Protein chains: 2
Amino acid sequence: MSSVVVINQRARSAEQKALRRQEVLRAAESYFQEVGFEAFSMAQLATKTGIAKGTLYLYFKTREEIFLTLYDQSLIRWSSAFIATLSEDMTSNAYAQSLYKTTHTDGVFLPLLIRLEHVIEHNVAIPRLIESKRVFMQQVDAVAKVTSSALALGTAQANEVVKTMGVLLIGATQTDQRPALDNEVLPADVQHLITSFSSEPLFVKNAVRIIESIRAEALSNG
Amino acid sequence: MSSVVVINQRARSAEQKALRRQEVLRAAESYFQEVGFEAFSMAQLATKTGIAKGTLYLYFKTREEIFLTLYDQSLIRWSSAFIATLSEDMTSNAYAQSLYKTTHTDGVFLPLLIRLEHVIEHNVAIPRLIESKRVFMQQVDAVAKVTSSALALGTAQANEVVKTMGVLLIGATQTDQRPALDNEVLPADVQHLITSFSSEPLFVKNAVRIIESIRAEALSNG
DNA sequence: CAGTTGAAATGACCGCCGGTCATCTATATA
DNA sequence: TATATAGATGACCGGCGGTCATTTCAACTG
């Protein structure tokens, strides 16, 4: 028998508190998708959630702890979505394409990922950081395991692939975070430059190069 | 005959104004190295420069225009420093090592590079942005040209190498921007994770993989 | 040399930010 | 019903990027 948990005005039980925390996170995620990282304000989030600003700080120590939690959740979502697209013996290209696509369908994963280490982690308590790193390791392991059979690689090589894909993804994604310059008239040379840094081919091409190299190394090293 | 330009209290001529602008930039660069991106405040910069806050805005439209200008300058510095280390017919490994090293000796280049597209460019006037992109293209061309002879590649391949190195560098560098966790006691597993994401091997290894792939493609495509 | 002028310089001021905490009040319990 | 506990509140804080009416000085004029 599970009883319906309703939060009248105050969350007293641990269950109610967890529920309210989730309410905040749900509001935060939708608000984040609206306005992005820089314009995200705690006062506005409080309004959107329907609680007072001070109350937010009963559930999260800092603004960045909210972002870190959203990141953790989106990482978990992504890893299971990506794993679901993998099958045995894929081409490097298919693998890279799927990785790119799945990371880009989630509205919050990449924007948070690229700000993780140089902004978010700088205003988070150490124990919370450790917790997040554990989530990260767990997800990497899960993805590496399936990668191993998808690309026919050993455990070590599969881990290397996953790790490297992360690095490449961050670099290639940078370019998607540029301000929208649509309906701006740009000189042809600048327009060409921007086009030539389109993230998808940049990522996929180099992902394939790296995967193939790691494959070749695995063969020549036994 | 060049006359010495001294700025008493007011910069009236274009020459004096350019000089004062450089003074601001010099102070900004040293201040940036002290406190980093997030803690960099215009009021403090004004104090360090020895002028009033409002005066800063006579020389730069926004805080981000200062950062963009520092970035442009550091890019130019880096490209000439890197070019100076290149010689004919280098190994991919030597090339990658040198690229890594030269980017990491400048104190402001990488921190600005990784914030370029998702923060800095969002608060800069379009004409200024175009100017900066032109500087970028110019430097990429210069580096690509020397890369072409250093790695014995055609122009197209050399450009591809340079472009891709940038992407990889941003991704691999992310990890250096983590908060300093020295004298924090971390669990062994987390400590191991952090160690395994050390930026130098991450960059160099994959840079070599990519360069070698591009080389191989060049051979097989004629 | 004094008087005039225009632009460089100033800093008080604005709205907003993340975060705090004395105070209030809904709820569980006695 | 009275009391104790703890969740919720929002006025308040210092500091932020950026603005602009006002001040001040260098250069020009006669």
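Which residue of chain B does the side chain of Arg178(A) meet in a salt bridge? The partner is Glu121(B), at 3.6 Å from N to O. A salt bridge here is a side-chain nitrogen of Lys or Arg within 4 Å of a carboxyl oxygen of Asp or Glu. The model is predicted, so local features need pLDDT of at least 70 and side-chain atom pairs count only at pLDDT 80 or more, while totals for chains, interfaces and linings use all residues. Residues are numbered from 1 along each chain as its sequence is written, chains are lettered from A in the order in which they are written, and side-chain values use heavy atoms, without hydrogens and water.

- Helices are DSSP runs (H or I, at least four residues), numbered from the N terminus.
- Arg178(A) and Glu121(B) are both buried (under 20% relative accessible area, with exposed over 50% and partly exposed in between; 1.4 Å probe, protein chains only).

**Within chain A**
- Lys133(A) and Glu121(A) form a salt bridge at 2.8 Å, N to O.
- Lys133(A) belongs to helix α7 (residues 126–150) and Glu121(A) to the loop between α6 (109–113) and α7, so the contact ties together parts twelve residues apart in sequence.
- Both Lys133(A) and Glu121(A) are buried.

**Within chain B**
- Glu212(B) and Arg215(B) form a salt bridge at 3.6 Å, N to O.
- The two are about one helical turn apart because three residues separate Glu212(B) from Arg215(B) in helix α10 (residues 199–220).
- Glu212(B) is partly exposed at 37% relative accessibility, and Arg215(B) is partly exposed at 23%.

**Whole structure**
- Over all chains, the search finds 30 salt bridges.
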